Amino acid sequence: MIAGEIGKPHGVAGDVYVVRISDDPARFDPGARLIHSDGRTLVVEGSRVHRDRFLVKFEGVDSRAEAEVMRGVLYIPADEARELSEDEVWVHEIVGFDAVDEQGRALGEVAAIQPNPAHDLLELTTTTGTKLVPMVKEIVTRIDRDERRVVLDPPEGLLD
């Protein structure tokens with residue numbers, strides 16, 4: 001489960017910019033544990049909102065040089081993931097699912113989910129290239145975990 005993505009450092013004391021993906025407001029509170037894409041466990045020392053991102057200070061990262069090598073994806077430890085409601089899914093669950101239209105015709109495969117301020121975007125690999133599909137109920141009408149597929153009702157022209 002992705003919590004966010006570390007970008008460039010800010011300042012000289014080890015702070016880094018983080019694009020928050022998690023919907024848990026406490027995910028970046030002091031003491032929160034996150035797993036870096038390189039496998040390290042990081043502990044949040046402090047965080048604050050800065051423009052449209054977070055500035056996060058991790059324990060043991062005390063200089064700009066140390067922060068420079070921090071870029072990467074942050075994951076929620078599996079034992080801290082919250083229970084989902086029936087209409088929610090974890091992003092990692094649907095990567096690799098087939099995308100089909102309401103009639104069951106193949107549209108492509110879910111390659112990734114791109115975070116976006118308005119709503120996430122499904123990145124589909126199709127026969128004509130990569131397509132981005134807004135992940136809204138009007139377009140993504142159903143996610144069937146058992147069949148490993150995402151059912152779409154795309155407006156005309158979206159996948160052209």
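Modeller: The side chain of E123 makes a polar contact with the side chain of Q114 at 2.7 Å; a polar contact is a pair of N or O atoms within 3.5 Å, where within protein one must be able to donate a hydrogen and the other to accept it, and residues adjacent in sequence count only if both atoms are side-chain atoms. The model is predicted, so local features need pLDDT of at least 70 and side-chain atom pairs count only at pLDDT 80 or more, while totals for chains, interfaces and linings use all residues. Residues are numbered from 1 along each chain as its sequence is written, and side-chain values use heavy atoms, with hydrogens and water left out.

E123 is placed in strand 9, residues 121–126 (strands are DSSP runs of E with at least two residues, helices runs of H or I with at least four, numbered from the N terminus). E123 is buried yet has no salt bridge, and the nearest side chain of opposite charge, K131, is 12 Å away. Here buried means under 20% relative accessible area, exposed over 50%, and partly exposed in between, with a 1.4 Å probe and protein chains only. Lys and Arg count as positive and Asp and Glu as negative, whereas His and the chain ends are not counted. A salt bridge requires a side-chain nitrogen of Lys or Arg within 4 Å of a carboxyl oxygen of Asp or Glu. Leaving aside residues up to four places away in sequence, E123 touches E109, V110, A111, A112, Q114, T130, K131 and L132, contact meaning heavy atoms within 4.5 Å.

By the salt-bridge rule, the count comes to 10. R27, in the loop between strand 2 (15–20) and strand 3 (33–36), is buried with a relative accessible area of 7%. Its side chain makes a polar contact with that of E80 at 3.5 Å, and D24, R27, R33 and E80 are linked in a network of salt bridges.

E45 and K57 also meet through their side chains in a salt bridge (3.8 Å, N to O). This pair links distant parts of the chain, with E45 in strand 4 (residues 41–50) and K57 in strand 5, 12 residues apart. E45 counts as partly exposed at 43% relative accessibility, whereas K57 is buried at 12%.

In helix 1 (residues 64–68), E68 and R64 lie four residues apart, about one turn of the helix, and their side chains form a salt bridge of 3.6 Å, N to O.
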